[in-house]
Amino acid sequence: MRIELINPEQILLEEVNDQRLHQRDVAATYALAMSTPGVDWKRVNKAIIERWSLAGLQRVKTMAWKLREG
């Protein structure tokens with residue numbers, strides 16, 4: 001089964017700005033969004049770095065890839 005988000009870029013930006021959410025929460029959405037075309041990854045990654053740092057972005061990406069691998 002293939003799942004696609006509608007407007008995943010906006011969802012990711014909202015999640016990054018939601019102080020109640022953690023990196024693992026954003027990573028789950030990031031994993032889903034990875035297969036969706038049209039995402040401005042530069043913008044999303046910049047938002048993640050601004051909130052958590054470059055190391056935080058690397059953690060989010062690592063978690064997202066692990067989720068995709070299953």
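User: In which helix does Q23 lie?

Analyst: Q23 lies in helix α2. Please note that this is a predicted model.

User: Why is Q23 called buried?

Analyst: The relative accessible area of Q23 is 13%. Buried means under 20%, and therefore Q23 is buried. Leaving out residues up to four places away in sequence, Q23 touches W52, G56, R59, V60 and M63.

User: How many salt bridges does a search of the whole structure find?

Analyst: The search finds three salt bridges.

User: What makes R43 and E9 a salt bridge?

Analyst: The side chains of R43 and E9 meet at 3.0 Å, N to O. The cut-off for a salt bridge is a nitrogen of Lys or Arg within 4 Å of a carboxyl oxygen of Asp or Glu, so the pair R43 and E9 qualifies. This pair links distant parts of the chain, with R43 in helix α3 and E9 in helix α1, 34 residues apart.

User: Are R43 and E9 buried, exposed or partly exposed, and how do you know?

Analyst: R43 has a relative accessibility of 46% and counts as partly exposed, because that label covers values between 20% and 50%. E9, at 13% relative accessibility, counts as buried.

User: Which side chains meet in a salt bridge of 2.9 Å, N to O?

Analyst: They are the side chains of R20 and D18. R20 has a relative accessible area of 68% and is exposed, since exposed means over 50%. D18 counts as buried at 19% relative accessibility, because the limit for buried is under 20%.

User: What is the distance between the closest N and O atoms in the salt bridge of K46 with E50?

Analyst: The closest N and O atoms of K46 and E50 are 3.5 Å apart, and the limit is within 4 Å, so the label salt bridge applies. K46 and E50 both lie in helix α3, four residues apart, which is about one turn of the helix. In general, an α-helix has 3.6 residues a turn, so residues three or four places apart point the same way.

User: What is the nearest side chain of opposite charge to E15?

Analyst: The nearest side chain of opposite charge is R51, which is 8.6 Å away. A salt bridge requires the atoms to be within 4 Å, and therefore E15, although buried, has no salt bridge.

User: Which side chain does a polar contact join to that of E15?

Analyst: A polar contact of 2.7 Å joins the side chains of E15 and T29. The cut-off for a polar contact is within 3.5 Å. E15 lies in helix α1, which comprises residues 8-17. Leaving aside neighbours within four places in sequence, E15 is in contact with L21, D25, V26, T29 and R51.

User: Which residues of α1 are buried?

Analyst: The buried residues of α1 are P8, E9, L12, L13, E15 and V16. They cover an arc of only 160° around the axis, which puts them on the same side of α1. What covers these buried residues includes α2 and α3.

User: How do you know that the span of helix α4 agrees with what it should be?

Analyst: Helix α4 has 16 residues (54-69), and at 1.5 Å a residue it should span 22 Å. The end C-alpha atoms of α4 are 23 Å apart, which agrees.

User: Which residues of α4 are buried?

Analyst: They are G56, L57, V60 and A64. Seen down the axis of α4, the buried residues fall within an arc of 100°, so they line one face of the helix. What covers them includes α2 (23-33) and α3 (41-52). The face turned away from the buried side carries the exposed residues L54, K66 and E69.

User: What caps the N-terminal end of α4, and what follows the helix?

Analyst: S53 caps the N-terminal end, with a side-chain oxygen 3.3 Å from the backbone nitrogen of A55. α4 is followed by G70, whose phi is positive, near 95°.

How values were computed:
Residues are numbered from 1 along each chain as its sequence is written. This is a predicted model: local features need pLDDT of at least 70, side-chain atom pairs count only at pLDDT 80 or more; totals for chains, interfaces and linings use all residues. Side-chain values use heavy atoms; hydrogens and water are left out. Helices (H or I, at least four residues) and strands (E, at least two) are DSSP runs, numbered from the N terminus. Buried means under 20% relative accessible area, exposed over 50%, partly exposed in between (1.4 Å probe, protein chains only). Lys and Arg count as positive and Asp and Glu as negative; His and the chain ends are not counted. A polar contact is a pair of N or O atoms within 3.5 Å; within protein, one must be able to donate a hydrogen and the other to accept it, and residues adjacent in sequence count only if both atoms are side-chain atoms. Contact means heavy atoms within 4.5 Å. The expected span of a helix is 1.5 Å times one less than its number of residues. The arc is that of the directions from the helix axis to the C-beta atoms.
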